[in-house]
Amino acid sequence: AIGGTIGTGLFLGSGKSIALTGPSIIFVYIGVGLIMFLLMRAIGERMYSDPSQHTFINFITRYLGRGWGKFAGWTYWIVLILTGMTEITAVSTYFVTFFGTFGIDLNSWKWLIELCFLVALTGINLIAVKVFGEAEFWFSMIKITLIVGLIVTAIVMLIIGFSYPATHIEGVDGTVSGATVSLTNITDGFQLAPNGWMNFFMSFQMVFFAYQLIEFVGVTVSETQNPREVLPKAVNELIMRILIFYVGALIAIMAIVPWRNFHENSDGSFGSPFIMVFKYAGLDWAAALVFFVVITAAASALNSLIYSAGRHLYQLASDSESPAMARLAEVSDHKVPAKAIVASGCMILFSPIINAIPGISGAFVLFASAASAVVIFIYVLTMLAHHRYRQSSDFLPDGFVMPAWQVFDWIAITFFVLVYVTLFLSTDTIGSAIAGLIWLVAFGGYCLLHERFQNRDLKEALQQ
């Protein structure tokens with residue numbers, strides 16, 4: 001879950017979040033982290049009660065009906081595929097940028113880079129779940145090592161009172177003013193919303209999307225050796241570790257680089273804070289280092305997505321009455337859903353084809369961003385399913401119980417709804433918000449009507 005959650009957004013996008021609302025972004029990360037912890041506790045409680053389930057989506061089917069279960073299952077799989085397409089595109093883009101710093105032009109080979117990465121990661125998932133776990137461990141370790149390196153660098157700079165002159169940083173327009181490393185760089189001129197309340201509220205959606213895929217723990221439980229022993233520890237420690245990495249990195253960055261130095265470039269981009277910090281520390285090869293880690297971060301996220309997409313398609317095939325789908329509900333000799341993994345990988349493989357067609361590429365960007373918005377519906381349904389579970393006879397009183405569920409369930413649901421509302425407040429996200437609502441009404445309505453007709457036919461058959 002750490003591998004899926006800590007992605008390229010922290011290494012390249014944290015400059016934008018700091019520019020949006022300054023030091024108060026720390027409180028936003030903590031606040032959103034606590035809400036996501038409630039989501040994880042809700043998923044964890046149900047997975048503990050029935051560790052045999054391959055995905056937490058099954059509980060939506062069980063407690064909210066087959067209609068919402070079908071909607072959630074297919075929607076989540078499509079989201080994983082679309083996100084996988086964006087990650088494979090990111091991998092090739094960062095790969096080209098990384099080798100571009102050495103004067104090597106690989107732009108014409110992006111499709112081959114994407115194909116090689118996808119084949120390699122799909123192969124890792126096909127061998128055995130243990131191999132996937134080992135690969136994901138090392139992918140995550142590379143990212144975490146860079147974050148820890150950043151925090152340690154900041155502490156050393158803080159202790160010795162390190163100062164640096166005004167300098168030009170690659171990827172940042174103009175000259176960044178010099179400063180002395182100090183915690184006062186964070187506290188000086190502190191305001192909760194220094195750039196306006198609108199920017200402060202918009203930061204919540206940005207941070208929320210940074211936490212996406214934290215629910216990945218709810219897909220791995222059934223393949224864990226001692227699920228009931230491991231699950232509570234994993235859920236409770238996960239959020240603390242992610243908070244330390246996110247919040248620790250942000251504090252380190254703003255202690256070194258005063259938060260007012262972060263601003264939008266003329267091309268609409270933001271410089272990477274990680275590159276800025278290591279450049280100040282005298283590491284001229286910082287850009288290459290960070291881009292290498294970003295490549296592994298994107299590959300790590302893609303690795304997790306292939307794993308999760310394969311399991312979800314396997315579950316959808318298991319629940320389907322279609323003979324064609326039934327063939328995907330098979331496990332290989334290595335005890336992995338090989339056909340579902342390969343099918344999911346083949347769908348992600350459409351990414352380089354789509355990116356090569358200008359007219360389709362623009363529509364794909366809209367659908368990919370809408371996919372992130374649609375995940376909010378899945379989270380809301382997950383919390384509603386948890387609420388129903390606590391009121392059902394399935395409730396396990398001596399299990400991994402979420403405290404004060406009557407209050408926390410609704411707090412989480414309210415937060416998710418508010419995040420979706422903020423998508424309508426920005427021109428960058430309003431298209432995604434509208435597309436998400438259309439999907440909810442169209443596909444959600446179809447799934448519910450289909451369930452209703454099935455139930456009616458079954459009732460009539462029983463009466464006859």
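The structure, a predicted model, holds 5 salt bridges, a salt bridge being a side-chain nitrogen of Lys or Arg within 4 Å of a carboxyl oxygen of Asp or Glu. Residues are numbered from 1 along each chain as its sequence is written. In this predicted model local features need pLDDT of at least 70, side-chain atom pairs count only at pLDDT 80 or more, and totals for chains, interfaces and linings use all residues, while side-chain values use heavy atoms, with hydrogens and water left out.

**Salt bridges**

- Glu 45 and Arg 390 join their side chains in a salt bridge, with 3.3 Å from N to O. This pair links distant parts of the chain, 345 residues apart: Glu 45 belongs to helix H3 (residues 25-49) and Arg 390 to helix H17 (residues 358-390). Helices here are DSSP runs of H or I with at least four residues, strands are runs of E with at least two, and both are numbered from the N terminus.
- Glu 45 counts as buried because its relative accessibility is 2%, and Arg 390 is likewise buried at 12%. Buried means under 20% relative accessible area, exposed means over 50%, and partly exposed lies in between (1.4 Å probe, protein chains only).
- Between Arg 62 and Asp 50, a salt bridge has its closest N and O atoms 2.9 Å apart.
- Arg 62 is partly exposed, with a relative accessible area of 39%, whereas Asp 50 counts as buried at 17% relative accessibility.
- Glu 223 and Arg 311 form a salt bridge whose closest N and O atoms are 2.8 Å apart. Because Glu 223 lies in the loop between helix H10 (217-220) and helix H11 (227-256) and Arg 311 in helix H13 (residues 286-319), the pair ties together parts that are 88 residues apart in sequence.
- Glu 223 is partly exposed at 28% relative accessibility, whereas Arg 311 is buried at 3%.

**Two buried residues**

- Glu 114, in helix H6 (residues 110-127), is buried yet has no salt bridge; Lys 110, the nearest side chain of opposite charge, is 5.4 Å away.
- Apart from neighbours within four places in sequence, Glu 114 is in contact with residues including Ile 88, Ser 92 and Asn 355, where contact means heavy atoms within 4.5 Å.
- Leu 150, in helix H7 (residues 129-160), is buried with a relative accessible area of 0%.
- Beyond neighbours within four places in sequence, the contacts of Leu 150 include Ala 249, Ile 253 and Phe 278.

**Overall architecture**

- The protein has 19 helices and 2 strands.
- Buried residues make up 52% of its 464 residues.
- The C-alpha trace spans about 85 × 50 × 45 Å along the principal axes of the protein.
- Among contacts with a separation of 6 or more, 79% join residues 24 or more positions apart.

Methods
Lys and Arg count as positive and Asp and Glu as negative; His and the chain ends are not counted.
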